[in-house]
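Take a walk through this fold, one site at a time. Have the sequence and the coordinates open side by side.

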Amino acid sequence: AFAATATAAAAQQQVGVPKIVPTNEQLGADWGSNRVVVLVDPLSSPSVVTNEGAGWLKAAQNAMGKGGCEAYGVVRCFYGPSSILVWINRFKSKEDIGRDWGTDREAKTTATLDKLPDVGEEVRFYRRGGMHNNIAFRRGTYLIDVEGMGAPIEKLRQMAEVVDGNLLKAQGQPAPKGQRPAATK
């Protein structure tokens with residue numbers, strides 16, 4: 001009973017967004033650099049970072065506190081000529097995430113993949129504007145959206161798997177089979 005309780009507590013452990021961002025070593029030599037676009041997260045130090053303009057920071061600050069959002073981070077990872085954005089949001093509760101994540105008036109949820117990655121508790125694939133492919137998933141109180149314009153779907157899948165593995169590792173849980181999460185920072 002104690003082991004099950006400890007596992008459940010670890011699953012609910014809140015960790016700072018930087019602890020789940022993939023490293024270049026995890027992604028492989030064919031990936032370029034990655035950088036934080038914006039971060040507002042009281043569990044991180046520093047707790048506010050912006051590298052791509054005040055508009056990103058304003059969007060993050062507007063999201064904070066609304067609908068139970070406790071952390072908002074966007075990381076840009078480069079693969080060839082493409083960039084992949086990884087949106088990481090942490091909420092107060094699973095219920096705060098809601099049911100309509102990954103759906104807005106521009107998203108086409110009818111898009112499918114032959115095989116979705118084995119990430120999170122629920123995963124969705126959708127397209128936006130006919131150009132953006134997204135793999136979004138939720139795990140606990142985290143909602144993660146991997147968005148790529150022009151990037152191969154396999155690279156979006158890889159990114160989602162590594163981010164999910166890092167989240168599990170940071171929470172003290174085993175990473176999914178075959179994943180190489182970074183050591184907890």
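Leu 143 is buried, with a relative accessible area of 13%. Buried here means under 20% relative accessible area, exposed means over 50%, and partly exposed lies in between, with a 1.4 Å probe and protein chains only. The model is predicted: local features need pLDDT of at least 70, side-chain atom pairs count only at pLDDT 80 or more, and totals for chains, interfaces and linings use all residues. Residues are numbered from 1 along each chain as its sequence is written, and side-chain values use heavy atoms, with hydrogens and water left out.

Leu 143 sits in strand β8 (residues 142-149). Helices (H or I, at least four residues) and strands (E, at least two) are DSSP runs, numbered from the N terminus. What does Leu 143 touch, leaving aside residues up to four places away in sequence? The partners are Trp 87, Ile 88, Asn 89, Phe 91, Ile 97, Trp 101, Phe 137 and Arg 138. A contact means heavy atoms within 4.5 Å. Tyr 72 is 71 residues from Leu 143 in sequence, yet their C-alpha atoms are 9.8 Å apart.

Now step back to the whole chain. It has 5 helices and 8 strands. From the N terminus on, their order is α-α-β-β-α-β-β-α-β-β-β-β-α. Of the 185 residues, 48% count as buried. Among contacts with a separation of 6 or more, 52% join residues 24 or more positions apart. The chain exposes about 9,300 Å², and carbon and sulfur atoms supply 54% of that area. Accessible areas come from the Shrake-Rupley method with a 1.4 Å probe; for residues, only the protein chains shown count as cover.

On a 1 Å grid over the protein atoms alone, a cavity is a set of points where a 1.4 Å probe fits but cannot get out; lining residues have an atom within 4 Å of a point. Grid points are joined across faces, edges and corners, and a volume is the space filled by probe spheres set on the points. The largest cavity has a volume of about 40 Å³. Its lining consists of Val 17, Pro 18, Val 21, Val 36, Val 38, Leu 39, Gly 73, Val 74 and Val 75. Strands β1 (31-40) and β3 (69-79) each supply at least two of the lining residues. By class, the lining has 8 nonpolar, 1 polar and no charged residues. Ala, Val, Leu, Ile, Met, Phe, Trp, Tyr, Cys and Pro count as nonpolar, Asp, Glu, Lys and Arg as charged, and the others, Gly among them, as polar.

Follow the chain past β1. The loop between β1 and β2 (48-50) holds Pro 46. A cis peptide bond joins Ser 45 and Pro 46, with omega about 0 degrees. Most peptide bonds are trans.

Lys 94 is in helix α4 (residues 94-97). Lys 94 is partly exposed, at 36% relative accessible area. Arg 127 belongs to strand β6 (residues 122-128). At 33% relative accessibility, Arg 127 is also partly exposed. Arg 127 and Met 149 are 22 residues apart in sequence and 9.8 Å apart in space, C-alpha to C-alpha.

Finish at helix α5 (residues 153-170). At 1.5 Å times one less than its number of residues, the 18 residues of α5 should span 26 Å, and the end C-alpha atoms are 26 Å apart, which agrees. The helix is mostly covered: 14 of its 18 residues are buried. Just after α5, Gly 172 takes a positive phi of about 80 degrees. Most residues other than glycine have a negative phi. Gly 172 is exposed, with a relative accessible area of 60%. Gln 13 is 159 residues away along the chain, but its C-alpha atom is 8.5 Å from that of Gly 172.

Conventions: On a 1 Å grid over the protein atoms alone, a cavity is a set of points where a 1.4 Å probe fits but cannot get out, and a pocket is an open set with protein on both sides within 12 Å along at least five of seven lines; lining residues have an atom within 4 Å of a point.
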